[in-house]
Amino acid sequence: MRNEINKKIIPMLEAYKNYFLSIIDLLLRREMSDCAVQRKIAEIAFQALPNWYYPTRVKIPFEVGRRFFLVKIDQLGEILFSMHHLAHYSFDSFLLEQISEPLLIFSNKVKQFIDAIITVLNLKDLSEQVGDMAQSIARLEQQFRTVVPYTTELLDVSKDAVYFAEFIFELKELRFILLKLAEALRSI
Amino acid sequence: MLNNYFKKMVYRRALREIAKLQQLLCSSYFVQENNDKQVHQQRIRVLSTIRKNKCHVDELNHIADIIFSLNQLRHRIKDFSIFEVCSRELNDIASTSVAFIQDAVKFSAIFSEKIHQFETLYHNTLRVVAPDPLVFLFFIQDLYALHEKVNQLRP
């Protein structure tokens, strides 16, 4: 049973990882074609999420663990679609230039983290330790605040600032979900 | 001509399915019962209906993405009592957005008016009482994006 579920989850995580990286590409380089392709693959993965995980009255501990894991994967998909909407926006080139380095570092950490989850799901040992991405997201946020020293009042008038603040907010949510997925690995 | 008619039908069906999804998602602001299964099934219906379209696929996908983005509000608000503060305005947003997605020509002005009302409430109340007012600002920005994108698809 566990192997069967892993077989479904692994391609889903692979698809989400590639979709996430293509969204970052779309945001920084306006590279749309790859994002459209990765989106289609992610959509198929999103639709393949098994229906059985929805019943809420599951009492068997392993079932609860699996359900939690799949609910988080479901949320991960929603966040990626939502980030795709924000990445469409043409941000100021100076802002993109300033945040591109910390953003690429963070996206690389996300990639490593998802790869680590896939390794564990493949029942293999991790070859190296994976960080919790806290430092890289903090650096990205700090850099954004340096470029756009925003307050709630300023956000009221700047569409660029609101959209980018929302994008960073979603990156933080994505990180949080990935940490929860890693925690839940023991229970699936 | 017949081809165009069928294209239009599929495209309208996609908008109808998106509107149904928006309705389901909005209902979860007020009732704390779990409708995850229905939401998941409706999301699948939306994505597969969009894929059946021969035109406007990117635009329809973008509208669906905005709906997903709007839905983040319910994950971001941990204290449901905050929804009571804005229940009337949120209800108005829910009903007019669903109507607007299905008939942009007829409901554009009213939806826009309801967004402005919600924004006023944000400035007067939510910015002060909400634990994290930023999430409402994101919500308002996404409502404007929805208004703009659906209007761009107007025949």
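**Exercise 1.** State how A:Phe164 and A:Phe167 are placed along helix 7 of chain A, and classify their ring pair.

*Solution.* 
Step 1. A:Phe164 and A:Phe167 both belong to helix 7 (residues 159-184) of chain A; because they are 3 residues apart there, about one helical turn separates them. The model in which this is read is a predicted one.
Step 2. A pair of aromatic rings is described by the distance of the centres and the angle of the planes.
Step 3. For A:Phe164 and A:Phe167, the centres are 6.0 Å apart and the planes make an angle of 35 degrees.
Step 4. Over all chains, the structure holds 12 aromatic pairs.

**Exercise 2.** Identify the residues of the positive surface patch on chain B and the helices that supply them.

*Solution.* 
Step 1. The patch is formed by B:Arg13, B:Arg16, B:Arg45 and B:Lys52.
Step 2. Helix 1 (2-30) and helix 2 (36-52) of chain B each supply at least two of the patch residues.
Step 3. B:Arg13 sits in helix 1. Its relative accessible area is 33%, so B:Arg13 is partly exposed.

**Exercise 3.** Describe the nonpolar surface patch that includes B:Val129.

*Solution.* 
Step 1. B:Val85, B:Val128 and B:Val129 make this patch, with an area of about 260 Å².
Step 2. B:Val129 is part of helix 6 (residues 104-129) of chain B.
Step 3. With a relative accessible area of 45%, B:Val129 is partly exposed.

Terms used:
Residues numbered from 1 in each chain as written. Chains lettered and ligands numbered in written order. Predicted model: local features only at pLDDT ≥ 70, side-chain atom pairs only at ≥ 80, totals over all residues. Heavy atoms only, no water. Patch = residues over 30% accessible without salt bridge, like charges linked within 9 Å, V, L, I, M, F, W, Y side chains within 5 Å. Areas by Shrake-Rupley, 256 points an atom, 1.4 Å probe, with all protein chains shown as cover. Salt bridge = Lys/Arg side-chain N within 4 Å of Asp/Glu carboxyl O. Helix = DSSP H or I, 4+ residues; strand = E, 2+ residues; numbered from the N terminus. Buried < 20%, exposed > 50% of the residue type's maximum accessible area, 1.4 Å probe, protein only. Phe/Tyr/Trp six-rings, centres within 6.5 Å; stacked < 30°, edge-to-face > 60°. Lys, Arg positive; Asp, Glu negative; His and termini not counted. Charge placed at Lys NZ, Arg CZ, Asp CG, Glu CD.
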